[in-house]
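Here's a quick walk through one model, from a single residue out to the place where two chains meet. Have the sequence and the 3D view open as you read.

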Amino acid sequence: MKDKPFIIGGKEYASRLIVGSGKYPSLPVMKDALTSSGSRMVTVALRRVDLKDRSPQSFYEAIPKGMTILPNTAACYTVEDALKTARIAREIVANDPPLIKLEILGDPKTLLPDTIGLLEATKILVKEGFVVLPYTNDDPIIAKKLEDLGAAAVMPLASPIGSGMGLLNPYNIQLILETVTSVPVIVDAGVGTASDASLVMELGADGILMNTAIAESKNPAQMAQAMKLAVESGRLAYLAGRMPKRRIASPSSPPQ
Amino acid sequence: MKILLNGKETTLPNSLTLKLLLEQLQIQSGLVACEHNLKIVRRQDYEHTTIEEGDQIEILQMIGGG
């Protein structure tokens with residue numbers, strides 16, 4: 001099967017892997033990893049400028065040129081906070097139209113999304129002209145509602161943020177892939193290693209967003225390359241179509 | 001005069017514009033967003049925004065995140 005382009009908010013991206021920029025031991029390590037990932041889009045968070053320690057000013061310089069910057073509303077627990085963060089993000093990051101990874105958290109222990117708030121904020125930000133990429137639970141009903149509200153992609157989790165537990169509910173992700181058809185489904189959060197990424201892509205996900213799996217690896221640049229290959233091979237396997245599973249053996253060589 | 005700058009009480013010699021404040025702090029305005037008394041200030045309005053005694057200023061930037 002021929003692949004279709006990976007389009008978010010009207011722009012085509014050459015890689016189906018979106019990477020985060022958090023938790024890296026240093027900016028040079030981050031830069032190497034982002035480059036090795038082959039990704040064309042990187043998420044960032046927004047915080048107060050630390051007037052005593054100005055080193056984060058060089059953060060922007062460490063993002064490989066040409067990558068689209070996707071600001072997030074991480075650490076927002078209310079619709080109000082998320083809206084405010086999105087509007088601030090629009091001032092800092094020059095995307096036209098403005099992009100936002102919309103995250104409204106329900107609980108600091110699990111970092112699971114508050115999907116009721118998410119629907120409300122998505123509606124408002126879409127109206128304001130944002131390209132909204134909502135981080136959501138692996139709930140097909142909410143995913144469909146987000147699509148209907150005009151989200152530019154739907155981003156269900158594989159497992160909780162930073163947990164590295166991999167894909168816990170492939171059944172729900174598959175249902176979401178069958179339900180959400182007009183915008184990309186990007187599995188966001190929970191991928192721990194390359195096989196997790198392949199599995200997600202083999203199901204037919206349009207893309208994957210990950211951060212910790214790369215940043216917390218002992219060799220982030222190497223893991224970033226592994227993830228690049230895993231996303232590509234998983235996608236190819238999905239397009240090729242897997243063989244049927246059988247309960248008994250079937251000889252590969254012809255019988256005598 | 002005293003203002004609240006990123007949550008900290010800060011003393012400035014006199015009233016000034018947001019544009020001048022950023023210059024004095026050596027912050028490149030292209031990489032930050034500012035709030036003046038909780039309202040986001042558009043970049044083109046930095047030079048018309050005067051900071052007065054007791055005002056609250058927030059300066060935000062991008063950092064690493066997922």
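## A:Thr136 in its strand

A:Thr136 sits in strand β7 of chain A, residues 131–136 (strands are DSSP E runs of at least two residues, helices H or I runs of at least four, numbered from the N terminus). A:Thr136 is buried, at 0% relative accessible area; buried means under 20%, exposed over 50% and partly exposed in between, with a 1.4 Å probe and protein chains only.

Setting aside neighbours within four places in sequence, its contacts (heavy atoms within 4.5 Å) include A:Pro113, A:Leu118, A:Ile142 and A:Pro156. A:Gln174 is 38 residues away from A:Thr136 in sequence, and the C-alpha to C-alpha distance is 15 Å.

## How to read the numbers

This is a predicted model: local features need pLDDT of at least 70 and side-chain atom pairs count only at pLDDT 80 or more, while totals for chains, interfaces and linings use all residues. Residues are numbered from 1 along each chain as its sequence is written, chains are lettered from A and ligands numbered from 1 in the order written, and side-chain values use heavy atoms, leaving out hydrogens and water.

## Where the chains meet

Chain A puts 29 residues into the contact and chain B 27. Together they bury about 2,500 Å², 57% of it on carbon and sulfur atoms; that's the accessible area (1.4 Å probe) lost when the two parts are put together, summed over both. A:Arg48, A:Glu91 and A:Ile92 supply 28% of what chain A buries against chain B, more than any other three residues.

There are three salt bridges between chain A and chain B, a salt bridge being a side-chain nitrogen of Lys or Arg within 4 Å of a carboxyl oxygen of Asp or Glu. One of them links A:Glu91 to B:Arg42, with the closest N and O atoms 2.6 Å apart. On the chain A side, β4 (41–48) and α2 (79–92) are the elements giving two or more residues, and β4(A) gives the most, with six.

## Strands across the contact

β4(A) runs antiparallel to strand β7 of chain B, residues 56–64, and five bridges join them (strands pair if DSSP finds at least two bridges between them). In this pairing, A:Leu46 stands opposite B:Met62.

## A loop glycine

B:Gly30 is in the loop between α1 (18–24) and β4 (32–36) of chain B, and is partly exposed at 39% relative accessibility. Beyond residues up to four places away in sequence, B:Gly30 touches A:Ile92 and B:Arg43. B:Arg43 is 13 residues from B:Gly30 in sequence and 8.1 Å away, C-alpha to C-alpha.
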